[in-house]
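Here are some notes to read alongside the model, written for someone meeting it for the first time. Take the points in order, with the structure open beside you.

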Amino acid sequence: MNNYKDIIIRPIITEKTMRYMDEDNKVTFEVKKGANKTLIKQAVESVFGVDVVSVNVVNVKPKTKRMGRYVGKTKAIRKAYVKIAAGQDINLFGETAE
């Protein structure tokens, strides 16, 4: 993994992750399967220019889903909960502060 932008796949934005952003200054990302905590920390710090306090990583197993008689599974992902230093922020929505 030579490029830090390849490690972070996308931010995960749900009601729960928005609450984490407001209350505890944590941002949630979907990351590559082979990424460890130190690689994730270095990637977030270099891409977004913030100080990372801690990183927690969760492997989400696929769920079985049905559509009538057809059975399938959702994809397995690796989530990273990244705590940002106090007073810093990551702009995930492309808004400008005025």
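Predicted model: local features only at pLDDT ≥ 70, side-chain atom pairs only at ≥ 80, totals over all residues.

1. Helix α2 covers residues 15-24, and strand β2 covers residues 26-31. Strand β2 runs antiparallel to strand β6 (residues 77-84), and six bridges join the two. Within this pairing, Lys26 stands opposite Lys83 in β6. Helix α2 packs on the sheet, touching β2 and β6, and its direction makes about 140° with that of β2.

2. Now step back to the sheet these strands belong to. Which order do its strands follow? The order is β1-β2-β6-β3, in an open sheet of four strands with antiparallel pairing. At the edges stand β1 (8-11) and β3 (52-60); each has a single partner strand, so one side of each is left without a neighbour in the sheet. From one strand to the next, the twist averages 30°.

3. The chain has three helices and six strands, and along the sequence they follow the pattern α-β-α-β-α-β-β-β-β. The C-alpha atoms fill a box of roughly 50 × 35 × 20 Å along the principal axes. Among contacts with a separation of 6 or more, 60% are accounted for by residues 24 or more positions apart.

4. Two other strands form a hairpin. Strand β4 (residues 64-67) pairs with strand β5 (residues 70-73) in the antiparallel sense, over four bridges. Thr64 has Lys73 in β5 as its bridge partner. There are two residues between the strands of this hairpin, and Gly68 takes a positive phi near 70° there.

5. What about the interior? In soluble globular proteins, nonpolar side chains tend to be buried together. Here the largest nonpolar core has 17 residues, and those with the most contacts inside it include Val27, Phe29, Ile40, Val44 and Val82. Each of β2, α3, β3 and β6 supplies at least two residues of this core. Of the 98 residues in the chain, 29% count as buried.

6. Leaving aside neighbours within four places in sequence, Val27 is in contact with Met21, Ala80, Tyr81, Val82, Ile84, Ile90 and Leu92. Thr28, also found in strand β2, has a relative accessible area of 2%, so it counts as buried. With the sequence neighbours within four places again left out, the contacts of Thr28 are Pro11, Ile12, Thr17, Lys79, Ala80 and Tyr81. A general point to keep in mind here is that in a regular strand the side chains alternate between the two faces of the sheet.

7. Finally, look at the aromatic rings, where the count comes to two pairs. Why is the pair of Tyr20 and Tyr81 edge-to-face? The ring centres are 5.8 Å apart and the planes stand at 85°, so the pair is edge-to-face, the cut-off for that label being over 60 degrees. This pair links distant parts of the chain, with Tyr20 in helix α2 and Tyr81 in strand β6, 61 residues apart. Tyr20 counts as partly exposed at 28% relative accessibility, whereas Tyr81 counts as buried at 16%.

8. The other pair to inspect is Phe29 with Phe48. Their ring centres are 5.6 Å apart and their planes are at 25°, so this pair is stacked. Phe29 lies in strand β2 and Phe48 in helix α3, so the pair ties together parts that are 19 residues apart in sequence. Phe29 is buried, with a relative accessible area of 1%, while Phe48 is partly exposed at 32%.

Technical notes: Residues numbered from 1 in each chain as written. Heavy atoms only, no water. Pairing = 2+ DSSP bridges. Axes fitted to C-alpha atoms, helices over the stretch in contact; angles between N-to-C directions. Contact = heavy atoms within 4.5 Å. Core = buried A, V, L, I, M, F, W, Y, C linked by side-chain atoms within 4.5 Å. Buried < 20%, exposed > 50% of the residue type's maximum accessible area, 1.4 Å probe, protein only. Phe/Tyr/Trp six-rings, centres within 6.5 Å; stacked < 30°, edge-to-face > 60°.
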